[in-house]
Amino acid sequence: MNRPLIGGVAVAVAALGVAIAAQRGGNRVRLSAGQECPPGRTETRPGVCQAPEFPPPSIVDYRPRSTLVTAEHSVPRSKFPSIDIHGHPPPLTSIESIDRVVAEMDKLNLRLMVSADNSSGDRLTRALAAINASPHKDRFRVLGGINFSNVGPDWGARAVAQLEADIKAGAVGVGEVPKSFGLRNRKPDGSRLRIDDPELDPIWAAFARLGVPVFIHTAEPQEFFQPLDLHNERWLELALFADRRNNQPGGVTFEELLTERNNVFRRHPKTSFIAAHFGWHANDLARAAKMLDDFANVTVEVGAILYDVGRQPRAARDFFIKYQDRILFGKDAFEPSEYPYYWRVFETADEYFDYYRDYHAFWKLYGINLPDDVLKKLYYKNALRIVKGLPQNGWPQ
Ligand SMILES: [Zn+2]
C-alpha cells in the first residue's frame, strides 16, 4: 500500500530542509528531489522517511539472522595444495612455533607459506636458519625487505648490495613492501618519499637482473582516503582504527599513489611486480583489468579483498578466468579459521554466506565456482612460475 502523506500538518523544518508531518505511529518526513532522509529515519515510501517506533540498534549491534535456506558447502581444505604468497605467520624462530604453524597449514591443505614480513639482513638470516634447521624447510620460503630510510644519492648502491646479500642468503624475492612506502616514508629533507622517486630506480632494476619478484603493497582501500561520513562503506573500520584514516587534509591521495606506482611498473618492464591486495582494484575490476593489460610485468594477489570478489560473483568469475595466469593466492593475516572462506568463495557456487569481519564488509559473500585448471593456477601454479625460488617439485600437474 502506497499511502500518501495525509492528515498531518506540514511543518517546515529549516535546519533539515524537509517537511515533517505528524502522524499516528511517529514522524514522517517528506523529501524534496535530491534530498536524503534525515538522521534516524528511513525511506518507507518513495520520498517519505519514517522513524522506527523503537530506538534503532547501532551498526555494531545489529546482526540479523538470515532465514535463507540454500545449499551450503564448507570447504575446510583447499581442493588443490596451495601456496600463501602473502604470509604473516607467527615468528618462525623455534621448532615448536614452526610445528604449530605446519599443523594448521596441514589442516588447510596449505602446502607452502611465503613469509612476507619485509625482513632483511640479520633478521632474515635468523628466520631462514630456524626454518632450515626444522624438519619443515620446504613448507616455508621468506621474502627479503627494502629499507627506505635515508633515500639519497648513494641509497641505490647500498640497497642493491643488501638485496644481493639477502637473495644470496635465501630470500626468494622482496616483500611485502609495506603500505608506509608512499604514504608515510620521508626523505632526509622531510618531503614524502614518492613511490616513483628516481633515486629508487636502481633497486627496481636490480630485481630484473636477479630474476626475483617484488611483492608490493601500495595505497589502501579507496574509502580510507574519503571523508569518514555515513556514506563511507568502511565507516566502521575507519572509526575503529585511527591509522587507516588516510583522509587527512593535505595528505597524499589514492590516485596520486596509484599513479606513482604505475610509473614504476612502466619504467621497469623487466621487473616482476606482484601487486598485493589486487592493487586495491578488486572493487573496480575494469580498472584491475586495465592495470594487467597495461603492464605485462604485473600480477595480483588476493589477500584481504575477498569481500570484493564475493560480492560480484559473476564479474569476478569472468575476471579470474580471463586473467587466470595473473592472480596469486595470498591471505595476509595468519588466522587459520579464515582461510576456508577463501576456499569456499573460489570453489563453490554457494550464495549469500557470511564473511568473517563485519568491519570490512556489511554484505554477504557468493561463491565464484572456478574451474579446476583455474584453481590450480590461483593456488600454486602462478606462484611457482613467478617466484622461481619456491620448491618446484611434487605439485599436481
Ligand atoms: Zn598488505
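This is a predicted model: local features need pLDDT of at least 70, side-chain atom pairs count only at pLDDT 80 or more; totals for chains, interfaces and linings use all residues.
The centres of the rings of F278 and F320 are 5.9 Å apart and their planes stand at 25 degrees, so the pair is stacked. This pair links distant parts of the chain, since F278 lies in the loop between β11 (273–275) and α8 while F320 lies in helix α10 (residues 313–322), 42 residues apart. The points below take up the aromatic pairs, the zinc site, the disulfide, the salt bridges and a surface patch.

**Aromatic pairs**
- A pair of aromatic rings is described by two quantities, the distance of the centres and the angle of the planes.
- The count comes to 30 aromatic pairs, and among them is the pair of F265 and F295, whose ring centres are 5.7 Å apart and whose planes stand at 70 degrees, so this pair is edge-to-face.
- F265 belongs to helix α7 (residues 254–267), whereas F295 is in the loop between α8 (285–294) and β12 (298–301), so that the pair links distant parts of the chain, 30 residues apart.
- F265 is buried, with a relative accessible area of 1%, and F295 also counts as buried, at 5% relative accessibility.

**The zinc site**
- The zinc ion is coordinated by E176 through OE, by H217 through ND1 and by H277 through NE2, at 1.8 to 2.2 Å.
- E176 lies in strand β9 (residues 174–177) and H217 in the loop between β10 (214–216) and α6 (235–240), so the two residues tie together parts that are 41 residues apart in sequence.
- Along the sequence, the spacing of the donor residues is E-x40-H-x59-H.
- E176 counts as buried, at 9% relative accessibility, and H217 counts as buried, at 4%.

**The disulfide**
- The structure holds one disulfide, which joins C37 to C49 with an S to S distance of 2.0 Å.
- The torsion about the S-S bond of C37 and C49 is about -85 degrees, so the disulfide is left-handed.
- C37 sits in the loop between β3 (26–30) and β4 (42–45) and C49 in strand β5, 12 residues apart, and C49 counts as buried at 0% relative accessibility.

**Salt bridges**
- Side chains of opposite charge can pair when their charged atoms come close.
- The count comes to 24 salt bridges, including one between K187 and D197, whose closest N and O atoms are 2.6 Å apart.
- Both K187 and D197 lie in the loop between α4 (180–183) and α5 (201–210), so the pair ties together parts that are 10 residues apart in sequence.
- K187 counts as buried at 18% relative accessibility, and D197 is buried with a relative accessible area of 7%.
- R287 and E255 meet in a salt bridge of 2.8 Å from N to O, and this pair links helix α8, which holds R287, to helix α7, which holds E255, 32 residues apart.
- R287 is partly exposed, with a relative accessible area of 27%, and E255 counts as partly exposed at 41%.
- Salt bridges that share partners also join R192, R194, D196 and E260 into one network.

**A nonpolar surface patch**
- I59, V60 and F362 make a nonpolar surface patch of about 270 Å².
- V60 is placed in the loop between β5 (48–50) and β6 (82–88), and V60 is partly exposed, with a relative accessible area of 43%.

Notes
Residues are numbered from 1 along each chain as its sequence is written. Side-chain values use heavy atoms; hydrogens and water are left out. Patches are made of residues with over 30% relative accessible area and no salt bridge: like charges are joined within 9 Å, nonpolar side chains (Val, Leu, Ile, Met, Phe, Trp, Tyr) within 5 Å. Accessible areas come from the Shrake-Rupley method with a 1.4 Å probe; for residues, only the protein chains shown count as cover. A salt bridge is a side-chain nitrogen of Lys or Arg within 4 Å of a carboxyl oxygen of Asp or Glu. Helices (H or I, at least four residues) and strands (E, at least two) are DSSP runs, numbered from the N terminus. Buried means under 20% relative accessible area, exposed over 50%, partly exposed in between (1.4 Å probe, protein chains only). Donors are N, O and S atoms within 2.8 Å of the metal (3.2 Å for Na, K and Ca); water is not among the atoms, so sites may look incomplete. A disulfide is a pair of cysteine sulfur atoms within 2.5 Å. Rings of Phe, Tyr and Trp (its six-membered ring) pair if their centres lie within 6.5 Å; planes under 30 degrees apart count as stacked, over 60 as edge-to-face and the rest as tilted.
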